Amino acid sequence: VTGQTSVKLQKAGQSDISGTAVTVVSPTQITCTFDLTGAATGTWNVVVTVNGAESAATLTNGFTVTAPGPTVTIPTPIPTKPRASTIPPQFKPAQMSVRYLSVSPQQTYAGQPVTITTNVVNTGDEAGNYNVALKINGQVEQTKMVSVGPQGTQPVKFTVTKAEPGTYTVNISDQRGSFTVTNVAGKPSTGIAAGLLLAVAMAVIVMLVGLLIIIARKRFQSY
């Protein structure tokens, strides 16, 4: 095949369909493209024209147009929620600690009560027990066993009295404090009593000296 080549489809009662992008591959093979939009179904004749000569070659019923297949719509997949974790939550065991320390009053008289307050805190997810030990000057004075629920706080109160004057240190776990005990209320200390006695004695001596001076002057004036 040499020269200007064209290819078209013919069918009785239908308009011709011309091919595009015609390429002569070999003396027996030609490739081209047809736009079949609106084309009637059935067989069509393939007509090859070279240099304008009609019906240079005709392939009767050489091309078949079939009805388009049904349109298949692929649904968009619905996203699925991730499955909830089947791993059970981990619970922390009871974790007890002592927080906060209050000593009231911090100064008192011998034999008077002193209140010591603290809090036992449980930061775990299970209830637990804790033995609270109150130490005075490093020695265990009192103990109390308390129960605290999960994530809970339990206040604990101690009451102590001391007869001896002095300063006492208070320890509950790592919490520290102190209080001071003085003599019994209304009873002056030995130093204060001695000072008062000395002042009274000096006052008596001054009064006696003054009285002697007055008596001596009167006797001197009588002579």
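The model shown here is a predicted one. As background, strands of a sheet pair through backbone hydrogen bonds, in either the parallel or the antiparallel sense.

The pairing can be followed residue by residue. Strand β7, which covers residues 96-104, is joined to strand β9, residues 113-122, by eight bridges, and the two run antiparallel. Within this pair Ser97 stands opposite Val121 of β9, while Ser104 has Thr115 in β9 as its bridge partner. Strand β9 also pairs with strand β12, residues 153-161, over nine bridges in the antiparallel sense, and here the bridge partner of Thr118 is Val156 in β12.

**A sheet of five strands**

A further open sheet consists of five strands in the order β8-β14-β13-β10-β11, and its pairing is mixed. The edge strands in this case are β8, residues 107-109, and β11, residues 139-148, each pairing on one side only. Neighbouring strands of this sheet are turned against each other by 25° on average, again with direction ignored.

Inside this order, strand β13, residues 166-172, and strand β14, residues 175-182, pair over seven bridges in the antiparallel sense. Tyr168 has Phe179 in β14 as its bridge partner.

| Strand pair | Residues | Bridges | Sense |
|---|---|---|---|
| β7 and β9 | 96-104 and 113-122 | eight | antiparallel |
| β9 and β12 | 113-122 and 153-161 | nine | antiparallel |
| β13 and β14 | 166-172 and 175-182 | seven | antiparallel |

**Two residues and their surroundings**

Which residues does Thr159 contact, once its neighbours within four places in sequence are left aside? Thr159, which lies in strand β12, is then in contact with Pro113, Val114, Thr115 and Gln142. Thr159 and Gln142 are 17 residues apart in sequence, and their C-alpha atoms are 9.2 Å apart in space. Thr159 counts as partly exposed because its relative accessibility is 43%, a value that falls between the limits of 20% for buried and 50% for exposed.

Gly111 has its place in the loop between β8 and β9. With neighbours within four places in sequence left aside, Gly111 is in contact with Thr161, Lys162 and Ala163. The C-alpha atoms of Gly111 and Pro165 are separated by 9.5 Å, although these residues are 54 residues apart along the chain. The relative accessibility of Gly111 is 44%, and therefore this residue counts as partly exposed.

Which residues make the nonpolar surface patch of about 460 Å²? The patch is made by Leu198, Met202, Ile205, Val209 and Ile213. Of these, Ile213 is found in helix α1, which spans residues 190-222. Is Ile213 buried, exposed or partly exposed? Its relative accessible area is 43%, so Ile213 is partly exposed, and this value is over the 30% that a residue needs in order to be part of a patch.

Technical notes. Residues numbered from 1 in each chain as written. Predicted model: local features only at pLDDT ≥ 70, side-chain atom pairs only at ≥ 80, totals over all residues. Heavy atoms only, no water. Pairing = 2+ DSSP bridges. Helix = DSSP H or I, 4+ residues; strand = E, 2+ residues; numbered from the N terminus. Patch = residues over 30% accessible without salt bridge, like charges linked within 9 Å, V, L, I, M, F, W, Y side chains within 5 Å. Areas by Shrake-Rupley, 256 points an atom, 1.4 Å probe, with all protein chains shown as cover. Salt bridge = Lys/Arg side-chain N within 4 Å of Asp/Glu carboxyl O. Buried < 20%, exposed > 50% of the residue type's maximum accessible area, 1.4 Å probe, protein only. Axes fitted to C-alpha atoms, helices over the stretch in contact; angles between N-to-C directions. Contact = heavy atoms within 4.5 Å.
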